[in-house]
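Subject: Structure handover and notes

Hello,

The structure is pasted below, and my notes follow it. Please read them with the model open.

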Amino acid sequence: MAAADRKKTPILAGVVGWPVEHSLSPLIHTIWARRAGVDGHYIPLAIAPAYDDFAKAMDSLRTIGFAGVNVTLPHKDHALRYAQRASAIAQQAGAANMLTFDDAGAHADNSDVAGFAAALAGARRDGTAPANAVVLGAGGAARGVALALQAAGATRILVANRTRAKAEAVASDIGGDAVDWPARHDALAGADILVNATSLGMRGQPPLEIDLSALSPKALVADIVYSPLETALLKSAREQGRPTIDGLDMLMHQAAPGFREWFGADAVVDAALRAGLVRELERRSRP
Ligand code: ATR
């Protein structure tokens, strides 16, 4: 398909995952498309977990003329495998959350890293970068967070994870140190930022147990979980007067590069966008 055909309207893009019904990405892109007056659709696509299912679906989307897709669990490593080309950051992260289709095939990128970096920049009250960081978790999300912290200038990154071998793998890739999961509370001493990059604290998942008393009063506390929007971790941080970054901050910022690339219009992360997403989360949480 020629590039000109691919840009035909309506422009088609979407998010691929399994499950995918919970994704807020269609709402984010729909709000931006409406604002920009773009003739386009952003569709949630449930694709079964095996790589073959993913690859067949991507071939079909390319043939239909999709401009690109966001990719979420469990396909982020499949996206990197499928693409003929990948950005340096996607290769470094070992995962991609964006695939852009063109005549040469598919290009993989990772906007999770830039998304966290943008959320971090927006939250720094005094403009200084955190030097000492503690990351909880060692999955794909934690790896993205650790890379963003490193890019933002963090000089000491501790990675605490239930499965120590995975913490060691992430720590060794980014030049940080692994911490045993039970030692996570004490590891907070001297940290300027704590990031929960596990699924703990998410609705339907076990709570995150963490004692914040060793953390400095000014330290930033971030949570990748956005359902509930104010997790128990963020609630205790707020009650202690600490600055916080919630999961929606990161989600909105990671969505912007895809929208700009595929729909060719600006994607502004602002209070109105957040309000639209908060309303949707509230609607979903009602019995
Ligand atoms: P993602 O790509 O979103 O990071 P993931 O790879 O499934 O998803 O990672 C989930 C993270 O939550 C992991 O760090 C996981 O710890 P393990 O590596 O030990 O599995 C962490 N996690 C999930 N459930 C947990 C639990 N009950 N206690 C502690 N950590 C947990």
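Buried means under 20% relative accessible area, exposed means over 50%, and partly exposed is in between, with a 1.4 Å probe and protein chains only as cover. At 2% relative accessibility, Ser111 counts as buried.

The model is predicted, so local features need pLDDT of at least 70 and side-chain atom pairs count only at pLDDT 80 or more, while totals for chains, interfaces and linings use all residues. Residues are numbered from 1 along each chain as its sequence is written, and side-chain values use heavy atoms, with hydrogens and water left out.

Ser111

Ser111 belongs to helix α6 (residues 111-123). Helices (H or I, at least four residues) and strands (E, at least two) are DSSP runs, numbered from the N terminus. The side chain of Ser111 reaches the backbone oxygen of Gln254 at 2.6 Å. That is a polar contact, meaning a pair of N or O atoms within 3.5 Å; within protein, one must be able to donate a hydrogen and the other to accept it, and residues adjacent in sequence count only if both atoms are side-chain atoms. Leaving out residues up to four places away in sequence, Ser111 touches Asn97, Met98, Gln254 and Pro257, where contact means heavy atoms within 4.5 Å.

The ligand

Which residues come nearest to the ligand? Of the 14 around it, they are Ala138, Asn161, Arg162, Thr163 and Lys166; a residue is near a molecule if one of its heavy atoms lies within 4 Å of it. By class, this shell has 5 nonpolar, 7 polar and 2 charged residues. Here Ala, Val, Leu, Ile, Met, Phe, Trp, Tyr, Cys and Pro count as nonpolar, Asp, Glu, Lys and Arg as charged, and the others, Gly among them, as polar.

An oxygen atom of the ligand is 3.0 Å from a polar backbone atom of Ala138, and one is 3.1 Å from a polar backbone atom of Ala141. For Thr163, an N or O atom in the side chain is 2.5 Å from an oxygen atom of the ligand. Taken alone the ligand exposes 640 Å², and the protein buries 73% of that; accessible areas come from the Shrake-Rupley method with a 1.4 Å probe, and for residues only the protein chains shown count as cover.

Ala160 sits in strand β8 (residues 156-161) and is buried, with a relative accessible area of 1%. Not counting residues up to four places away in sequence, Ala160 touches Val135, Leu136, Gly137, Val179, Trp181 and Arg184.

His29 lies in helix α2 (residues 25-36). Its relative accessible area is 1%, so His29 is buried.

Helix α9

In helix α9 (residues 232-239), the buried residues are Leu233, Leu234 and Ala237. They cover an arc of only 90° around the axis, which puts them on the same side of α9; the arc is that of the directions from the helix axis to the C-beta atoms. An α-helix has 3.6 residues a turn, so residues three or four places apart point the same way. On the other side of α9, Ala232 and Glu239 are exposed. The cover over the buried residues of α9 includes β10 (193-196), β11 (220-223) and β12 (244-245).

Regards
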